[in-house]
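Dear colleague,

Please find below the sequence and the structure for your study. A summary of what was found follows them.

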Amino acid sequence: RLLRAAWSRLAPGGELLYTTCSLLRAENEEAVQRFAAEAPGATLAPLRPPRGALSRAQPQGVTFLPSEEHQGGFVALLR
């Protein structure tokens with residue numbers, strides 16, 4: 001619901017960065033993939049993780065794996 005609300009307020013040509021502190025696929029990859037399929041005009045933009053980051057890039061976004069510096073998370077860019 002929050003993602004839909006933010007998307008509806010996005011300026012034409014704007015970008016929405018979706019991020020969570022979760023490692024659950026249902027809250028991350030599955031959520032943005034489902035949203036991009038349902039929201040008119042929404043597409044997922046490719047992202048590359050920073051060099052040296054413990055991460056896993058996939059078409060839906062980047063998952064950051066837990067490390068000594070943080071507990072992990074997810075980020076995706078919607079256009």
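Two strands are said to pair if DSSP finds at least two bridges between them. By that rule β1 and β5 pair, because five bridges join these two strands, which run antiparallel. Please note that the model is a predicted one.

Is β5 mostly covered or mostly open? The strand is mostly covered, since six of its six residues are buried. This holds for both faces: Gly73, Val75 and Leu77 are buried on one side, and Phe74, Ala76 and Leu78 are buried on the other.

Strand β4 has a further partner. Four bridges join β3 (residues 55-58) to β4 (residues 61-64), and the two strands run antiparallel. They form a hairpin with two residues between them, and within this pair Ala57 stands opposite Val62.

In soluble globular proteins, nonpolar side chains tend to be buried together. In this model, the largest nonpolar core has 13 residues, of which Leu3, Trp7, Tyr18, Phe35 and Leu78 touch the most other members. Helix α2 gives the most to the core, namely four residues.

Apart from its neighbours within four places in sequence, Phe35 is in contact with Leu3, Arg4, Trp7, Ala42 and Leu78.

Glu29 lies in helix α2, which spans residues 29-38. Is Glu29 buried or exposed? Glu29 counts as buried because its relative accessibility is 2%, and buried means under 20%. Neighbours within four places in sequence set aside, the contacts of Glu29 are Leu24, Arg56, Gln58, Gln60, Thr63 and Phe74.

Ala39 is found in the loop between α2 and β2. With a relative accessible area of 11%, Ala39 is buried as well. Ala39 and Leu78 are 39 residues apart in sequence, yet their C-alpha atoms are 10 Å apart in space.

The largest pocket

Which residues line the largest pocket? The lining consists of Arg1, Leu2, Leu3, Arg4, Ala6, Leu16, Leu17, Tyr18, Ala31, Arg34, Phe35 and Glu38. Eight of the lining residues are nonpolar and four are charged, while none is polar. At least two lining residues come from each of α1 (2-8), β1 (16-20) and α2. The volume of this pocket is about 260 Å³.

Some residues belong to more than one part of this account. Leu3, Tyr18 and Phe35 line the pocket and are also among the core residues that touch the most other members.

Yours sincerely,
A colleague

Definitions and conventions
Residues are numbered from 1 along each chain as its sequence is written. This is a predicted model: local features need pLDDT of at least 70, side-chain atom pairs count only at pLDDT 80 or more; totals for chains, interfaces and linings use all residues. Side-chain values use heavy atoms; hydrogens and water are left out. Buried means under 20% relative accessible area, exposed over 50%, partly exposed in between (1.4 Å probe, protein chains only). Contact means heavy atoms within 4.5 Å. On a 1 Å grid over the protein atoms alone, a cavity is a set of points where a 1.4 Å probe fits but cannot get out, and a pocket is an open set with protein on both sides within 12 Å along at least five of seven lines; lining residues have an atom within 4 Å of a point. Grid points are joined across faces, edges and corners, and a volume is the space filled by probe spheres set on the points. Ala, Val, Leu, Ile, Met, Phe, Trp, Tyr, Cys and Pro count as nonpolar, Asp, Glu, Lys and Arg as charged, and the others, Gly among them, as polar. A nonpolar core is a set of buried Ala, Val, Leu, Ile, Met, Phe, Trp, Tyr and Cys residues joined through side-chain atoms within 4.5 Å.
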